[in-house]
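Hi,

Here is the structure I promised to pass on. Have a look at it first, and then read my notes below.

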Amino acid sequence: MLNVALSFTPESFDFIYLDPPFFTGKEQVGTKENLRYQDSWDNDIDVYISWLEERIRVLKPLLKKTATFVLHLDRHAVHYAKVMMDSVFGREFFRNEIIWHYTGGGRSKSHFSRKHDNLLCYSLSDKPYFNLDAIRVPYKKTSGYAKSGIRAKSGKLYLPHPDGTPLDDVWSIPIVNPMSAERTGYPTQKPLLLLERLIAAYTPEKGFVGDFCCGSGTTLAAAEKLGRRWFGCDISEEAVASSRKRLGLID
Ligand SMILES: C[S@@+](CC[C@H](N)C(=O)[O-])C[C@H]1O[C@@H](n2cnc3c(N)ncnc32)[C@H](O)[C@@H]1O
């Protein structure tokens with residue numbers, strides 16, 4: 001990743017998404033034997049965070065001033081990573097922690113089931129590109145506001161938006177389940193809808209999207225679908241082959 005990143009011109013990307021190993025302490029294995037990646041760090045969080053920080057510091061200069069960087073993690077290390085990200089980008093440039101709440105999978109009996117990931121979103125300026133209208137979702141069927149709008153005390157009538165309501169920072173999206181048409185067999189593959197939302201909100205038309213831990217190529221497929229330019233790489237040859245196949249670049 002580091003050598004590849006260093007070959008880019010500074011300020012090239014509108015959006016970089018990084019979905020690295022999560023510090024789970026175990027190898028992640030997909031549904032096909034050759035699709036796997038290492039996530040063991042001898043249980044040393046300092047080694048892991050240093051590894052991550054080194055890469056993020058190299059990627060940051062590749063972002064345009066209007067760009068956003070999203071680091072996708074979960075409970076294993078997000079609390080350490082948030083502090084590190086504040087130091088790399090500046091606390092004032094923290095934009096959101098998007099909670100991806102997923103349905104599906106098993107349920108625990110010994111604690112509340114862990115059903116969310118954390119996406120730390122940082123910008124480089126006070127005015128990053130952000131298009132909330134691009135990802136509105138339908139109003140709830142029970143919403144009175146959606147039916148007839150709301151009249152304020154002043155008498156002003158607020159009518160519902162034809163494209164629905166703006167998203168907040170908790171997104172419920174099902175995991176890529178074994179029956180899902182988008183499933184590639186790659187371990188910890190993320191849903192296309194998650195990446196479509198991020199890219200639609202954070203990049204202009206024909207914007208440039210980067211994913212330096214691309215795995216099965218979800219980010220690249222979403223960018224392609226939305227007409228954005230993209231770049232992806234991964235340390236694993238199988239991941240790159242999987243992405244190329246998904247994008248129709250090889251049979
Ligand atoms: C969580 S997975 C990415 C999954 C991907 N977002 C998807 O939807 O399929 C993490 C990826 O990081 C890759 N990786 C680990 N270390 C890396 C490194 N030093 N440089 C680039 N990629 C790396 C792994 O091979 C793995 O594919």
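A word on naming before anything else: helices (H or I, at least four residues) and strands (E, at least two) are DSSP runs, numbered from the N terminus. Residues are numbered from 1 along each chain as its sequence is written. Please keep in mind that this is a predicted model, where local features need pLDDT of at least 70 and side-chain atom pairs count only at pLDDT 80 or more, while totals for chains, interfaces and linings use all residues.

**The core**

I'd start with the largest nonpolar core, which has 48 residues. By a nonpolar core I mean a set of buried Ala, Val, Leu, Ile, Met, Phe, Trp, Tyr and Cys residues joined through C-beta atoms within 7 Å. Buried means that 20 or more other C-beta atoms lie within 10 Å of a residue's own; exposed means 12 or fewer, and partly exposed is in between, with C-beta atoms placed from the backbone. Phe15, Ile16, Val70, Leu71, Leu120 and Ile199 have the most contacts inside this core. Strand E4 (residues 63–73) supplies its largest share, six residues. As background, nonpolar side chains tend to be buried together in soluble globular proteins.

Leu120 is a handy one to click on. Ignoring neighbours within four places in sequence, Leu120 is in contact with Val70, Leu71, Ala81, Lys82, Met85 and Glu97 (contact: C-beta atoms, placed from the backbone, within 7 Å).

Helix H2 covers residues 45–59, and its 15 residues reach 21 Å from first C-alpha to last, close to the 21 Å expected at 1.5 Å a residue (the expected span is 1.5 Å times one less than the number of residues). Which residues of H2 are buried? They are Tyr48, Leu52, Ile56 and Leu59. These cover an arc of only 55° around the axis, which puts them on the same side of H2 (the arc is that of the directions from the helix axis to the C-beta atoms). The buried residues of H2 pack against H1, E1 and helix H3 (78–89).

H3 has 12 residues, and its end C-alpha atoms are 16 Å apart, in agreement with the 16 Å it should span at 1.5 Å a residue. Its buried residues are Ala81, Met85 and Phe89. Seen down the axis of H3, they fall within an arc of 50°, so they line one face of the helix. His79, Val83 and Ser87 are exposed on the face turned away from that buried side. What do the buried residues of H3 pack against? Their partners are H2, E4 and E6. Just after H3, Gly90 takes a positive phi of about 100°.

In helix H5 (residues 192–202), the buried residues are Leu194, Leu195, Glu196, Arg197, Leu198, Ile199 and Tyr202. E1, E4 and helix H6 (218–225) are among the elements that cover them.

**Loops**

The loop between H1 and E1 holds both Phe8 and Glu11. Phe8 counts as partly exposed, with 16 C-beta neighbours inside 10 Å, and its C-alpha is separated by 6.9 Å from that of Leu62, 54 residues apart along the chain. Glu11 has a phi near 60°, a positive value in a residue other than glycine.

Asp42 also has a positive phi, near 55°. Asp42 sits in the loop between strand E3 (36–37) and H2, and is exposed, with 7 other C-beta atoms within 10 Å.

Tyr129 lies in the loop between strand E6 (116–123) and helix H4 (144–148). Leaving aside neighbours within four places in sequence, Tyr129 is in contact with Asp14, Thr66, Tyr202, Thr203 and Pro204.

**The ligand**

How many residues surround the ligand? There are 18, and the closest are Met1, Cys213, Gly215, Ser216 and Thr218 (a residue is near a molecule if its C-beta atom, placed from the backbone, lies within 6 Å of it).

Cheers

Terms used: Two residues are in contact if their C-beta atoms, placed from the backbone, lie within 7 Å.
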